[in-house]
Structure formats: C-alpha cells, structure tokens
Amino acid sequence: MTLDPPASGQVAQRWWFDSGSIALDFAYVGGFGDIPESLTSAAELDEWLANRFPGLDAASDRGLIDGKALQAALARLARAASAGESATAEDVDVVNLFAATPDIPPALEGGSRQAGRSRARVGQAFSAMAREAIAVFGPEGAERVRSCAADDCDLIFYDESRSNNRRWCSMQRCGNRAKVRAHRSRA
Ligand SMILES: [Zn+2]
C-alpha cells in the first residue's frame, strides 16, 4: 500500500508524508481535525489525484464536493481509530457508499485493445481510496492506525511494518528530534 512520493508538484510535495495508506494520505490533505491544509478547488484535487492515479478525467465541482465529503469522513475515522474509539455510523456510511461504486480496474500490459474507458473518472479514484479505507479501518487494520508518538505531532499513519512497531510520522520530522532529546537528557 505504500506509494512512491509524488514525482512533481509543489502542492503535492508539501502535503505528502508516508502515511502507509492512500486513504490516510487523502485524509491528511483535509487535515486531521484541525484542518491544517485543505483542498480548495477542483484543480487542486486534480493535482493531488494525478500523482497517485495517473490518467484520470478532470474533477468537476461536484467531484470536489464528493471528495471533501470522503476526505472529512476519512479524517474522522482516522482520529477515531488512532484513539481506539469507534467511528460514527455516518462516517462509515460515507466510506461504504463510495466503496460501493466502481473503482479503477487493474489491467495487464501488452494487450491489443482498450478494455473499458481509457481514462478513469474521479469517482473511481474515490472508490479505490474508500475500499482501501475499509481494509485500513476494518478489524484487521485498525490496530495499526496510530498517531505519531511525538507529543507535539498529531499525524496519523498506518503501520505496514511486519513488527507493527512504527512510532513516528517520519524519522526526519519527529523520530530524530526525539532521539536527540533522549540523548541530551542522558548526557
Ligand atoms: Zn510526528
């Protein structure tokens, strides 16, 4: 589920951290609760999606509204899961609704013709993220959804490690700072 960092685009660079889940990446764009960043236009949504779902149709204003609804539900689900609380039925319904629509079908390279649409709709990308969210927030995944161990950081990630012992949003941002502090207090 880990994605490569977006190759280009200042906006995407600024927003990206390795959350371990594209659904959490998307939730983070809207902010976890305190809304540090938020998508404000269909063009920004397109830019964000283009780095993760190449070859999508452009988003409409309707797509932006849908995207924000999904994003807000994902952010609240992430908060609830990382706090060990149960999600509201309303947020679960939003995710289930998006997941019930077609996602982006997988395709094998090397065929002779186009199967289905050549460009996927934005809604299909929402469905793909909603389906991933169902795995992440479901019974198997939810215990791996945690917030960063740093006191002053509330980023939430999905721990993909086999040992399930990830503590930091990122080593550079919080892990190293904590190590330096621990080292100083020992010295
Ligand atoms: Zn952190």
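C174 is buried in this predicted model, with a relative accessible area of 2%, where buried stands for under 20% relative accessible area, exposed for over 50% and partly exposed for the range in between, with a 1.4 Å probe and protein chains only. C169 is likewise buried, at a relative accessible area of 3%, and C148 is also buried. The model is predicted, so that local features need pLDDT of at least 70 and side-chain atom pairs count only at pLDDT 80 or more, whereas totals for chains, interfaces and linings use all residues. Residues are numbered from 1 along each chain as its sequence is written, and side-chain values use heavy atoms, with hydrogens and water left out.

The structure holds 0 disulfides, a disulfide being a pair of cysteine sulfur atoms within 2.5 Å.

The chain has 7 helices and 2 strands, which from the N terminus on run α-α-α-α-α-α-β-β-α; helices (H or I, at least four residues) and strands (E, at least two) are DSSP runs, numbered from the N terminus. Of its 187 residues, 40% count as buried. The loop between β2 and α7 also contains N164, a residue other than glycine whose phi is positive, near 55°, and which counts as partly exposed at 22% relative accessibility.

The largest nonpolar core has 37 residues, and those with the most contacts inside it are F26, L45, L49, L74, F126 and F137; such a core is a set of buried Ala, Val, Leu, Ile, Met, Phe, Trp, Tyr and Cys residues joined through side-chain atoms within 4.5 Å. Two or more residues each come from α2 (22-29), α3 (42-50), α4 (61-82), α5 (89-99), α6 (122-137) and β2, with α6 giving the most, 9 residues. When residues up to four places away in sequence are not counted, F126 touches F26, L45, L49, G63, D66, G67, L70 and F98, contact being defined as heavy atoms within 4.5 Å. Apart from this core lies another, of 11 residues, among them F17, Y28, A150 and C153.

In the loop between α3 and α4 lies A59, which is buried with a relative accessible area of 13%. Its C-alpha is 5.5 Å from that of A42, although the two residues are 17 residues apart in sequence. Neighbours within four places in sequence left aside, A59 is in contact with A42, L45, D46 and V122. In the chain, 56% of the contacts with a separation of 6 or more join residues 24 or more positions apart.
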